[in-house]
Structures are given as C-alpha cells and as structure tokens.
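Me: I'm opening this one for the first time. Can you walk me through it?

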Amino acid sequence: MSQFATDLKYRLPARYLASWGALGVLLAVVVAVVPVALQPNGVRIVTALAAVLALASFGQMLIVMLGAIDLSVSSIVIVAAGMVVHYGTPGANLPLVILATLALGVAISLWNWLFISVLRLNSIIVTLGTLGLVTGGISIWTGVSFSESGLAPQAIQDFSDFSVLNVSACFLVAVAGGLILALTLSKTRAGRQVAAIGANRRAATLQGMRVTRVEFAAFAGAGVFYSVAGILVAGVVGTPDVSIGEPYQLLTITAIAIAGTTFNGGPASVAGILSACLFLQLLDQAMEIHGFSAGPRVVVRGIALVLAVAAITLSQFAFSRLRPSSAVPRALNEDNESSAPSLTPDTHQKETS
Amino acid sequence: MTTVVTQPMVETGVVLRGVSKSYPGVKALSDVDFDCRPGEVHALVGENGSGKSTLIKIAAGVLTPDAGTVSIAGQSVARGSIKQARKLGLMTAYQDTALVAELTVEENLALSFDAIDEPRPPDLRKLLRRFDLPFPINATVSALGPGARQLLEVARAMSHQPKVLLLDEPTAALDMRLAGHLEHLVREARNDGTAIVYVSHRLEEVRRLADRLTVLRDGVIRGTHDTNTWDVDDIVELMVGAPTELEFPPRVTPTTGAVRLEVRDFAGAGYGPLSMSVRGGEIVGVAGAEGNGQRAVLRGLIGAGHEAGEILVDGAPLRRNRPDKALAAGISFQSGDRAAESIFAPLPLVDNLTAQSGSAMGPLGVARLQRLRAMFVLASRQFGIVAASPFQPISALSGGNQQKIVLARPTLRQPKVLVVDEPTQGVDARARMDIYRMLADAADHGVAVLVNSSDSSELAGLCDRVYVMSRGRISQELEGPTTEAEIVRSFVSAAGVEEDGGGQAAVSSFVNRALGGLSSRIPIVALAVLCTLMALYTGSQSDVFWTGPNLANLLLLTLPLGFVALGQQYTMLSGGFDLSIGATMSLTVVAASITLPDLGPLSLLRSVGAFLLIALVVGAFNAVLIGLLKVNAIVATIATTGIVQGVAIVLRPEPGGFIAPELTTAFSQGVGFIPGAFLLLVALAVALEVWLHRGRGGLALRAVGFDAQASDRVGRRAVIVRSVGLVVCAFGAVLGGICVASLTGIGTNDVGGGYTLPCFAAVFLGGAALSGGRGSFVGALLGALFLSLLDNATPLLDVPNGAKQAAYGLILIVAVGSYAVAERRRGHGRGR
C-alpha cells in the first residue's frame with residue numbers, strides 16, 4: 001500500500017465513514033421504495049432541515065470535542081430565531097439585527113464557558129440551567145410567537161427558499177460553515193489544540209497549552225453556529241415560535257454520535273456530521289412519506305443511535321483496551337505496567353525488536 | 001512449567017504455584033512459586049517494576065494469572081475474584097489504599113465487612129482501639145494524613161482476623177513512630193498465627209520483622225533466605241542483578257557549564273522545602289523509594305502544585321509559575337505517565353509530536369501540514385520511531401514508540417531545561433537505548449536535564465549527579481557517576497524524617513467534620529428556606545394559596561416529580577445518570593391506559609406486571625449499554641429515550657383509553673388535605689435517607705459513587721451496584737408515571753417528557769453531584785416540592801410562564817455553583 005493510501009486510511013477511519021455508508025444505503029432504499037422523497041421539493045426540504053441541524057451540530061461538536069456537552073443548544077437557537085423575528089420587522093436594519101443576534105448567541109455560549117471552563121462546574125448542570133434561563137427569558141422578552149405578526153423577515157425567508165439545483169441555500173451555508181470549521185480545526189494551532197484539550201486536559205495543561213483561552217474560542221464559535229442555525233430555521237419555518245429549537249437538544253447529540261464521535265473528548269469529523277444530519281432528516285422524511293406514523297419513526301431513530309454507538313464502542317474495544325479520560329487518573333503505583341496495561345500495540349504496528 | 005500441580009506443601013496460608021503473567025511487551029511474572037505459612041512473616045523484596053505488585057494482586061484476586069494456581073487456606077482459587085479471596089481469609093493492605101476518602105473511618109471499616117457478607121462487629125470503636133490508632137473513628141479519611149491512612153488500611157485488614165495478610169509497602173508513608181507501631185502490630189498478628197506477606201523497600205525493617213525473605217527480579221524469584229542471617233549488600237546485589245547488559249551513552253561530565261535551572265526553598269503539596277540546581281549539559285537524577293515526593297517536585301517546576309519558593313532559568317526568575325509561562329521561559333516537562341498526563345490518545349502521531357512546537361508550525365497561529373509532516377519525518381528518522389503513518393493515532397503504538405514521540409517534542413523546540421518524569425516506564429529494552437540517547441543528546445546540546453526515575457540502574461547509568469529524596473526532602477546528593485547499588489542503598493537505609501505531629505490531623509479533622517456535616521446539609525436547609533419564603537410570599541399575595549384544595553393540588557402535582565427524582569437520586573449516588581426517565585413515564589401512562597381500565601383484581605395484577613416489566617427492561621437495557629458496552633451514559637439514555645418514547649407512540653398514537661377513575665380518587669384520599677400518596681412519598685424519602693446513611697446497601701451505594709476502584713478492591717463490584725441503580729431509577733420513573741396516570745386519566749404518549757429537566761433540577765438542587773456519592777433523598781424530594789411550588793405559585797402571582805422557566809434555570813445554576821464553591825472550600829480546608 002502506498003504511503004498516500006496508508007495516510008488516507010488513518011485520516012478517514014472507519015468510524016467517520018459509517019455515517020456516509022448509512023446515508024448511501026438509505027438513499028438506495030429511498031430510491032427503491034419512496035422515490036417521491038427525492039423529488040425537487042423533497043430534496044429542498046431535506047437539505048434545508050439537514051442544514052439547520054448540521055449548523056447546530058457543528059456548535060455542539062466543538063463542545064463535545066472539549067469533553068463537555070451542551071444541553072442549551074435549543075435555547076440559543078430559539079433566541080436567534082426570536083431576535084430576527086422580533087427586531088427584523090419591515091424597515092429594520094437587517095444586517096445589524098443579524099449581527100446583534102450572533103453577538104447574543106456568543107454571549108450566551110460564553111456564559112456557559114464561564115461556569116464550565118473557568119469555574120469547572122459540570123457541563124450538564126450548567127447548560128441545563130442556561131436552557132431554562134434563556135428559554136424562559138426570551139419568552140418573557142418577546143412573547144411566545146416573538147412578534148405580533150410572528151413572521152421571519154422576508155429577506156431571510158427568501159434566502160431560505162432559494163435553492164441551487166434543488167439544494168437549499170441553507171445547505172450551502174452549512175457546507176461553507178463546515179468548511180470554515182474544518183479548516184480552523186486542522187490548519188490553525190488553536191484549532192488543533194481543541195481536540196488535544198478534550199482528549200487529555202491535564203496533558204494539554206502540562207504541555208503549556210493555554211487551555212481556558214482555547215476553550216473560550218470554542219464556546220464562542222459554538223454560539224455563532226447555534227445562532228446561524230436559529231436565523232435560518234426562522235426563515236425555513238416562516239413563523240417560528242419558542243418551541244422551534246426544542247428538537248435540536250437531542251438531535252445534535254444523536255447526529256454527533258452517528259458521525260462516529262466519542263463523547264470522551266477528542267477529534268471529530270465535520271463531514272461525518274454533515275452526512276449524519278442528511279441521514280437523519282432523509283430518514284425522517286422518507287418514513288413520513290411512506291406513511292410511518294410518528295412512533296415508529298422515533299423508534300427507528302433511537303435504534304439507529306444505539307447501533308451507531310454500540311458499533312463505535314465495540315470497534316474501539318477491538319482496537320484498543322485503553323479508555324482514557326473517562327476515569328480519574330490515579331497516582332501510578334509501582335509496577336505500573338500491571339495496574340494499567342496502558343496501550344496495546346495495534347496490528348499495524350511493527351515492533352522495533 | 002507443565003507438570004501437574006503438586007499437593008501444596010502447607011495446608012493453610014497462601015500458596016502460588018507456577019504463576020505467570022504478562023502484558024503486551026512485558027513479562028511481569030514468569031513461573032513463580034511462592035508460599036507463606038501461618039505464623040510467619042515472609043518478606044518480598046525487589047526493585048520497582050520487579051513484579052511484586054503483580055504477585056500481590058494475583059494473590060488478592062485483583063488479577064487473573066495467565067498460568068498457575070493460587071490457593072488460600074488450602075482452597076484453590078480459580079479465577080481472580082477479590083471477594084472469594086477475601087472470604088477465604090486473605091486480606092490485602094494496598095500501598096495506595098482501598099479506602100474511600102470521602103467516608104469516615106467507621107464507614108470504611110463497615111464497608112469492608114459488608115462487602116464479604118461478614119457481620120459487622122458490634123463495636124467497631126472497640127475493635128479499632130486494639131490497634132491504638134492516632135485518630136478518632138468518626139474522622140473522614142480524607143482529613144487524615146497519608147501515614148494515618150496507611151496505618152488505617154493495615155488495621156482494617158487486620159481487624160478481619162485474616163488467615164493471610166498481604167502488606168504492600170505498609171511503611172512507605174509512615175514516620176518512624178508510626179512505623180514502629182506498625183511493626184508491633186505485625187508481630188502481634190504473626191503471633192496469632194496469621195501468614196503475613198510483607199513487601200517493603202526498607203531492608204533494615206525487613207531484617208527486624210521477617211522470618212523468610214524472597215527476592216524478585218524481572219518477574220523471576222532470585223532466591224529465598226530462610227533466616228535473617230543475610231547481608232544487606234548481598235540482597236541488594238540480588239535485587240539489582242548482574243551488571244545490566246544495557247549500554248548507556250558515554251557521558252563526559254561537564255564541569256564548566258553555567259547553572260541553567262536553580263530552585264530555592266521550593267515547596268508544595270507533598271514536598272519541600274528543598275533547593276537544587278542543574279547546569280547546562282548536565283543530566284541530574286531524582287531518586288527515592290516510591291511516594292517520597294519526587295513526582296510532585298517535578299510537576300511543581302512547571303507550576304502544577306507549587307506553593308512556595310523560587311525558580312530561576314538562566315538566572316532569570318520565573319514570575320508567574322504556570323505551565324504555559326514555564327514553557328515560554330524554556331522549561332519543557334514530559335511525563336512517563338502517558339495515559340494520564342502526557343499523550344493525547346485518540347490524536348494522530350503528528351499532533352502528539354508537535355504539542356509544544358508553537359510558531360515553528362507556521363506564521364500567525366497557522367499550522368501548516370507541510371511543516372508538521374517535515375517535523376514528523378525528521379523526528380521519526382532521528383529517533384527511529386516506527387509508525388505506519390503520521391496520522392496513526394498514538395494509542396496504536398507500542399509504549400516505547402509513544403515515549404519516543406513524547407521525548408521528541410522538546411527537540412522541536414530547543415528548551416533550556418528539560419524535565420522528564422519516568423522516561424522509560426513501560427518501554428521495551430531497545431527503545432530504552434534510544435531514549436537514553438535522546439536525553440544524552442539534549443544534554444550535549446547544552447540543555448539542563450532533570451530526570452526522575454524509579455529505575456535506579458537507569459539513573460546510575462545516565463546521570464552525572466543524583467538527588468535522593470525521602471519524605472518530600474532531599475536526603476542525600478550523590479555526586480559524580482554512581483552505581484545502582486549505591487542509589488538503592490541510599491534509600492533502603494533512609495531513616496525516617498520526623499513527620500509533623502499527629503495532633504494537627506486530629507484538629508483539622510474536627511473542623512472538617514463540622515464543615516462537612518454542614519455542607520452536606522446546605523442544600524436541604526437552603527431548599528427549606530426557599531420553600532418557606534416562596535409559600536409565605538405567595539400566601540400574602542393570593543387568598544387561594546393557603547386553601548385546602550390548592551395545597552392538596554400542590555402536593556398531588558409534586559408526586560410524579562418526587563418519585564422520579566428519588567429514582568434519579570439513587571442512580572446518581574452510584575455515579576449513574578439517566579435521561580430516559582421522561583419516556584419511561586410516558587410509556588407507563590400509556591401502559592396504564594391499556595391495562596388499567598378499572599381497579600379490579602385482574603386489571604391490577606396485569607398492570608403491576610406491566611409496570612414491573614417496563615422498569616426491568618428499561619433499566620436493564622440502560623445497564624447493558626452503559627455497564628457492558630461502556631457507552632457514555634448521556635448518549636446511551638438518549639438512545640433509550642428514543643426507543644421507549646417510540647414504543648409509547650406506537651401503542652397510543654393519539655390520546656385515548658381510560659385509566660380507572662378510581663385511581664384518581666385513590667390518590668387524593670388522605671389525611672386532611674394531604675394525599676396519602678404524598679405521605680407515602682415522604683416516608684419513602686425518609687426511609688431511603690436513613691438507609692443511605694445507616695444501611696449496608698446505602699453505604700455500598702455511596703462507596704461506589706465516590707470511588708469505584710476502592711469499592712472493587714474490598715470485593716463490592718461497582719458495575720453491579722451501578723446496574724442496580726439504573727433499574728431503581730427506571731422503577732422510580734414508573735412510579736412517577738403511575739402518579740401522572742392518576743392525574744391525566746387518559747393514555748397520552750408525551751406527558752412524561754416534561755418531567756425530564758425538572759427531575760434533574762430537583763436532584764441537583766437537592767445536592768446531588770454527577771461525580772457520584774453525594775446527594776440526599778430528602779433533598780431531592782424538597783427540590784421536587786420547591787419546583788412544584790413554583791409551578792403552583794406562578795399562576796396565582798400572575799407571573800408569566802417564561803419567568804418561571806427562567807427562575808428554574810437561574811436557581812439551578814446559582815444553587816449548584818454555590819454548593820460547588822462550599823464543597824471546594826471544604827476540600828481546600830483539608831489541604832489536599
């Protein structure tokens with residue numbers, strides 16, 4: 001095998017390709033069983049909804065890479081949708097409104113950062129609190145339907161309805177956002193440190209990385225992604241209300257899990273998440289068209305998640321017995337090799353001796 | 001050895017025959033025969049990494065040997081089972097102890113008896129008095145000093161009146177006075193007929209105590225001495241072995257290099273004050289028996305756990321001692337504890353290699369892959385790193401290659417000072433050579449190199465100078481090239497340094513106990529105050545609030561949340577977590593709408609069966625995902641949520657099916673305005689609370705939540721306790737669902753979802769911690785009551801729904817934040 005092929009094998013491990021495989025299989029099934037779902041209108045809807053989910057998931061991905069979890073996604077999505085509906089009334093300065101929306105999303109995410117990264121509180125509790133605080137706050141501030149008309153600004157609606165070859169403009173935004181995210185994570189030093197900090201925060205600290213600073217940037221970035229998702233979903237739906245963001249809390253986590261991400265912190269695949277989001281929305285759409293009621297759809301989604309995480313876990317077991325960062329590291333006792341048979345050599349490994 | 005296992009020569013005690021154990025790349029024990037007879041102290045000595053701990057762990061049942069047999073008191077033990085070994089009368093005192101630090105001395109003792117189904121002795125205080133320990137029985141273990149903890153560990157093992165006692169370095173953390181006391185206890189136990197296996201570094205101590213002495217080196221027994229006529233030098237020679245075949249890189253001791261690293265009056269947790277210096281081009285070693293502060297000093301140099309003193313690099317003092325500042329000043333630290341603090345296991349080699357490379361990767365914060373690749377190619381060629389691809393995750397490499405990547409990091413940066421902890425831990429012989437060469441190269445380039453190692457031969461071969469540490473201080477400085485024997489002798493003979501008096505521990509433990517008792521009750525007190533204030537305020541604003549029907553309604557609405565919060569609290573105490581409760585509640589309501597149209601006996605029977613089935617299946621499914629497949633608890637229970645919710649929707653796509661109206665009536669029956677079911681809920685919470693603090697199960701639950709490893713070591717399997725916790729949690733959700741069913745009277749598939757977040761809010765408000773062990777059932781119930789009160793009061797006060805939700809969130813963050821601060825204060829007070 002050439003060096004290029006070997007490198008490729010490691011840069012795109014099987015767990016990142018699983019969601020693409022699933023998407024491929026699903027497409028084949030859809031073509032055979034419910035081709036209706038792939039008609040122009042269907043594609044437009046699936047790509048638009050997948051795009052919103054993907055953008056929200058990119059934000060969640062940054063948090064998960066750091067080894068935390070964000071249950072307040074939905075509240076930031078709601079705030080963003082609410083902001084553009086409430087202030088984006090006809091005649092308003094829309095760019096300014098959008099800018100303010102992004103800034104507020106960043107601010108809320110940084111509130112999470114303050115408690116999680118600086119005060120070292122558990123991310124689940126903090127983001128659960130933020131969820132209540134922000135969701136409640138926005139509905140006091142703007143009311144349940146955000147404004148009297150409840151309509152998203154026409155420009156945003158037009159943008160969301162726009163499509164290129166039946167692919168929603170939202171999807172193009174998601175692809176662009178994903179590209180920026182992927183480049184940042186691979187081509188900048190701070191970006192590369194995100195996965196390192198998530199994989200082993202203590203090692204990152206001891207290596208002299210500026211851990212809280214990188215975490216600050218990651219949380220701020222997550223805020224931007226959530227806000228963009230909220231602005232776009234307002235356009236897609238047209239008349240959003242405070243329940244608009246609710247599904248994204250669990251769906252982002254589901255998408256990330258299907259994309260082969262472990263929840264112990266560490267690397268993740270942007271492209272894998274994009275395909276996982278397409279998979280989830282297409283699956284939902286196809287089942288709905290095929291006449292599945294809500295129940296089986298939810299069951300199927302749950303089973304997809306179980307299969308994904310079980311497969312990833314089992315493949316990890318086969319790969320390596322080490323599960324770092326999940327347990328509190330204990331002081332090494334003597335005969336270290338006995339208490340922690342640290343790292344089993346992989347089959348690709350050629351022993352030096 | 002393939003011969004049939006011969007009849008054990010001794011009937012009782014512990015006998016190991018032909019035991020072998022290996023790990024990838026390392027043979028820890030090969031074909032070892034070892035026995036210990038009743039009424040003798042059999043000492044086991046050997047260098048670090050000789051296999052002593054592996055041998056102890058195999059005898060204790062922690063590890064299963066690859067080959068060979070273990071028999072305890074004449075009974076053969078098949079697979080490694082801690083519980084079986086302990087039940088047969090083999091007790092172990094671990095060097096790093098199997099005590100749960102957050103529990104009291106008394107609870108730790110009780111836990112040890114419970115775990116092997118022995119009745120607790122009626123008077124633990126009296127039992128412990130026999131050992132004359134310098135701390136009270138109700139002290140929290142974390143408040144004790146390391147010496148006191150080690151003494152407690154030994155006393156606890158002895159309190160079982162074991163047939164066999166394994167003592168792993170029992171005196172490592174003891175001062176002379178306590179060590180003397182321990183020797184006395186060991187003699188007494190021997191005279192009572194206990195077979196005692198005694199692992200120690202300190203040969204003088206061994207001479208006083210041991211009836212027999214066995215030397216282990218590289219996993220092979222090198223000889224057993226029957227009397228105490230041996231000579232220390234002979235034993236050291238046996239421990240060290242023939243001069244190693246390893247060749248160390250030739251070193252020319254520099255005499256003129258300037259001092260690059262200087263440390264003055266340096267102190268921190270577990271070490272100091274001490275001063276040391278390293279010249280450019282010099283390799284200086286730090287030696288000492290395990291646990292004498294060597295590791296802490298090295299980390300203190302880069303600002304992790306450093307409290308006082310000065311660091312100078314090339315004569316310039318370090319202003320703010322923080323890892324990133326230390327790196328900027330030119331100190332590179334690399335640790336051999338790779339999994340915990342050195343490597344990024346899932347990340348590619350090239351990322352691991354360039355962790356400290358900084359601006360060498362590219363301008364303006366950019367990391368150019370081309371440069372990264374070039375660095376990798378250079379480093380792998382220079383140091384002989386064998387890897388298929390720079391993008392391979394580092395976890396796929398052998399220990400030796402991993403360590404080479406780790407030690408290649410500083411070469412890409414050219415630091416002034418290189419600090420390395422355990423450079424060759426878990427590394428094969430060939431890679432060792434390369435690593436020694438790397439360190440020598442660094443020194444040849446003028447870097448000041450400071451190395452801590454538990455392998456004395458390595459220090460002898462590599463270092464120009466060696467500091468020997470004992471109890472956190474430098475006890476000796478070995479100038480010039482030294483020998484392994486000289487280093488080993490310097491610490492096997494190290495006399496104890498007088499520890500700060502024991503009185504301090506007692507005082508601080510008293511203060512901490514008072515604080516500890518307070519801090520665990522803060523949530524309950526805070527919630528009670530909040531509830532009272534809320535009720536008084538609402539009552540003053542609304543005439544309806546204090547009426548019987550409203551209060552009855554409030555309590556009825558508390559029921560579902562109360563039951564589900566109790567269940568969640570249970571699983572969180574064990575360190576678990578369950579997001580699927582909402583779906584389970586929905587499914588229960590749906591099931592009730594199918595099986596419970598009336599309260600006839602058949603319907604009841606059918607319903608109880610259905611409810612139990614739901615709880616068992618959901619709980620077991622979660623337990624399999626989390627305990628067996630090791631799926632992250634959040635992801636696992638989200639998946640379960642999907643499936644359970646889906647089943648509920650399938651069974652009842654639309655609201656429908658009547659739930660016996662008598663159920664509603666039954667729930668509202670009670671004393672005055674208080675529904676009977678609420679009284680039941682309160683009784684259950686109180687009973688669980690008492691059980692948690694008085695019962696065996698409650699103790700086990702807390703022990704597992706606080707410290708799963710310690711719990712496993714006394715024979716209480718953490719994974720089982722946690723699985724049970726998940727089933728109990730599902731059961732709580734089912735009970736909550738029944739209460740919801742009584743409120744709705746109709747089968748709907750989404751009524752439970754709304755309870756998920758309030759359930760977590762309730763238990764967190766009640767003082768639960770996600771890390772496990774902490775929390776209170778009464779607190780969780782009060783949390784549920786408080787949230788229901790908010791629910792009840794908001795319409796009476798004309799407060800919009802959003803404000804209620806926002807208040808939820810704010811209270812949660814503020815409460816949990818302040819609990820955490822209080823907890824941290826307490827932790828600080830302990831001086832850990």
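Me: Before we get to strands, what makes two strands pair?
Reply: Two strands pair if DSSP finds at least two bridges between them. Take β16(B) and β17(B): five bridges join them, and the two run parallel. Keep in mind that this is a predicted model.

Me: Which residue of β17(B) stands opposite S335(B)?
Reply: D421(B) does.

Me: Is β16(B) mostly covered or mostly open?
Reply: Mostly covered. Strand β16 of chain B spans residues 331-335, and five of its five residues are buried.

Me: Is E422(B) buried or exposed, and why?
Reply: Buried, because 26 other C-beta atoms lie within 10 Å. The cut-off for buried is 20 or more.

Me: Where is D265(B), and what is its phi?
Reply: D265(B) is found in strand β11 of chain B, residues 259-268. Its phi is positive, about 45 degrees, although D265(B) is not a glycine.

Me: And why does D265(B) count the way it does, buried or exposed?
Reply: Exposed, because D265(B) has 11 other C-beta atoms within 10 Å. Exposed means 12 or fewer.

Me: Switching to sheets. What is the strand order in the six-stranded one?
Reply: The order is β6-β7-β8-β3-β9-β10 in chain B. The sheet is open, with mixed pairing. Its edge strands are β6 (90-93) and β10 (220-225) of chain B, and each pairs on one side only. The twist averages 20 degrees from one strand to the next.

Me: How do β6(B) and β7(B) run, parallel or antiparallel?
Reply: Parallel, joined by four bridges. Strand β7 of chain B covers residues 164-168. L90(B) stands opposite V164(B) in β7(B).

Me: Which helices go with this sheet?
Reply: Helix α5 of chain B, residues 146-158, packs on the sheet and touches β6 and β7 of chain B. The direction of α5 makes about 175 degrees with that of β6(B). Helix α8 of chain B, residues 232-240, lies across β3 (41-45), β9 (212-217) and β10 of chain B. That helix, α8, runs at about 30 degrees to β9(B).

Me: How is chain B split into domains?
Reply: The assignment gives domain 1 (14-240), domain 2 (259-492) and domain 3 (558-786). The C-alpha centres of domain 1 and domain 2 of chain B lie 33 Å apart.

Me: Now chain A. How many helices and strands?
Reply: Chain A has 15 helices and two strands. Of its 353 residues, 57% count as buried. Among contacts in chain A between residues at least 6 apart in sequence, 78% join residues at least 24 apart.

Me: Which residues touch the most others in the largest nonpolar core?
Reply: V52(A) and V77(A), out of 389 residues in that core.

Me: Where does Q154(A) sit?
Reply: In helix α7 of chain A, residues 154-161. Q154(A) counts as partly exposed because it has 13 C-beta neighbours inside 10 Å. The C-alpha atoms of Q154(A) and G235(A) are separated by 8.0 Å, though the two are 81 residues apart along the chain.

Me: What confidence does the predictor give?
Reply: The complex gets an ipTM of 0.83 and a pTM of 0.83. Chain B averages a pLDDT of 85, and 91% of its residues score at least 70.

Me: Where in chain B does pLDDT stay under 50?
Reply: Over residues 1-10, for which the model has nine contacts beyond four places in sequence. It is also below 50 over residues 495-509 of chain B. Where pLDDT is low, the predicted coordinates should not be read in detail.

Conventions
Residues numbered from 1 in each chain as written. Chains lettered and ligands numbered in written order. Predicted model: local features only at pLDDT ≥ 70, side-chain atom pairs only at ≥ 80, totals over all residues. Contact = placed C-beta atoms within 7 Å. Core = buried A, V, L, I, M, F, W, Y, C linked by C-beta atoms within 7 Å. Axes fitted to C-alpha atoms, helices over the stretch in contact; angles between N-to-C directions. Domains from an automatic or database assignment. pLDDT = per-residue confidence, 0-100.
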